[in-house]
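Here are my notes on the model.

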Amino acid sequence: MAIAKSNKLPQVVLLKQILKKCSSLVKKHGYADEVHLPVDVPKGHFAVYVGKNRTRYIVPISFLSHPEFQCLLRCSEEEFGFGHNMGITIPCEEFIFQSLTSMLR
């Protein structure tokens, strides 16, 4: 049982880092006061930026539990880190991101 917990620990740490980064961005941009979310992002969703043109996509937070999406987030962390003000940027082609997210829905 301890082995299963240790395998999940990096994912939990990664998700906490992502959420912390998102909450720090909340204070810098046009966000609703009480819920601390961008006005144009529905509850239960978050924004990511994809591809060379940094096209903005709104995705449900349920995607965070999918290993395929977690892989994209790890790639994002490796390439960009979380110490920048650009939001979560996914380093892949838009058509790949669209294909992946259509399978996760």
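1. A salt bridge here is a side-chain nitrogen of Lys or Arg within 4 Å of a carboxyl oxygen of Asp or Glu. By this rule the count comes to 1 salt bridge. This is a predicted model: local features need pLDDT of at least 70, side-chain atom pairs count only at pLDDT 80 or more, and totals for chains, interfaces and linings use all residues. Residues are numbered from 1 along each chain as its sequence is written, and side-chain values use heavy atoms, with hydrogens and water left out.

2. The salt bridge joins Arg-56 and Asp-40, with the closest N and O atoms 2.5 Å apart. Arg-56 sits in strand E2 and Asp-40 in the loop between helix H1 (2–26) and E1, so the pair ties together parts 16 residues apart in sequence. Helices (H or I, at least four residues) and strands (E, at least two) are DSSP runs, numbered from the N terminus.

3. Arg-56 is partly exposed, at 33% relative accessible area. Asp-40 is also partly exposed, at 48%. The cut-offs: buried is under 20%, exposed over 50%, partly exposed in between (1.4 Å probe, protein chains only).

4. Which residues of H2 meet H3? Glu-68, Phe-69 and Leu-72 in H2 meet Phe-97, Leu-100 and Leu-104 in H3. Contact means heavy atoms within 4.5 Å.

5. Asn-53 lies in the loop between strand E1 (45–50) and strand E2 (55–60). Asn-53 counts as exposed, at 66% relative accessibility. Its C-alpha atom is 9.7 Å from that of Glu-93, 40 residues apart along the chain.
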